[in-house]
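Me: I am new to this structure and would like a close look at a single part of it. Please take that part slowly and say what the terms mean along the way.

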Amino acid sequence: GCIALRPLTDTCGEVKRMYIRDSHRRRGIGNQLSQTIIDHAWREGYTEIKLDSLERLVGAVKLYENMGFQRISPYCECPEDDHVCMNLFKDTKAGNTE
């Protein structure tokens, strides 16, 4: 699988391109990748993480919600009708890993 983090501001990073091959899904890899990128973001000094996904990616949206991400108003453009944006602050559920 893969996952990336890019800066949006000095205090906010954005999760990009989480992907896990079909043959490797439902093995906890998404949880591991997500927690790793969250921990990395906090170590880099970010206090907020944002991401965007699509409602049709039910497993991904559920994973993010289980990690503590909350739905927010769109912060980026997307041509898809089922676009969803989310964020996580350092002091929330998945944010307190230190």
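This is a predicted model: local features need pLDDT of at least 70, side-chain atom pairs count only at pLDDT 80 or more; totals for chains, interfaces and linings use all residues.

Reply: Residues are numbered from 1 along each chain as its sequence is written, and side-chain values use heavy atoms, with hydrogens and water left out.

Helices (H or I, at least four residues) and strands (E, at least two) are DSSP runs, numbered from the N terminus. Helix α1 covers residues 29-43, 15 residues in all. The expected span of a helix is 1.5 Å times one less than its number of residues. For α1 that gives 21 Å, and its end C-alpha atoms are 21 Å apart, which agrees.

Buried means under 20% relative accessible area, exposed over 50%, and partly exposed in between (1.4 Å probe, protein chains only). In α1 the buried residues are Gly30, Leu33, Ser34, Ile37, Ile38, Ala41 and Trp42. Looking down the axis of α1, these buried residues fall within an arc of 165°, so they line one face of the helix. The arc is that of the directions from the helix axis to the C-beta atoms. Their cover includes β1 (2-7), β2 (12-19), β3 (48-54), α2 (58-66) and β5 (83-89). Just after α1, glycine 45 takes a positive phi of about 100°.

Asparagine 31 is also in helix α1. It counts as partly exposed, at 42% relative accessibility. Neighbours within four places in sequence aside, asparagine 31 is in contact (heavy atoms within 4.5 Å) with Leu63 and Met67. The C-alpha atoms of asparagine 31 and tyrosine 64 are separated by 8.8 Å, although the two residues are 33 apart along the chain.

Tyr64 is one of the buried residues of α2, together with Val61 and Leu63. These three cover an arc of only 160° around the axis, which puts them on the same side of α2. On the other side of α2, Val58, Gly59 and Lys62 are exposed. The buried residues of α2 pack against β2, α1, β3, β4 (70-72) and β5. Glycine 68, which follows α2, has a positive phi near 105°.

Both helices also take part in the largest pocket: β2, α1, β3 and α2 each supply at least two residues of its lining. On a 1 Å grid over the protein atoms alone, a pocket is an open set of points where a 1.4 Å probe fits, with protein on both sides within 12 Å along at least five of seven lines; lining residues have an atom within 4 Å of a point. Grid points are joined across faces, edges and corners, and a volume is the space filled by probe spheres set on the points. The largest pocket holds about 810 Å³ of space. It is lined by 26 residues, and the closest to its centre are Met18, Ile20, Gly59, Ala60 and Leu63. The largest share of the lining, seven residues, comes from α2.
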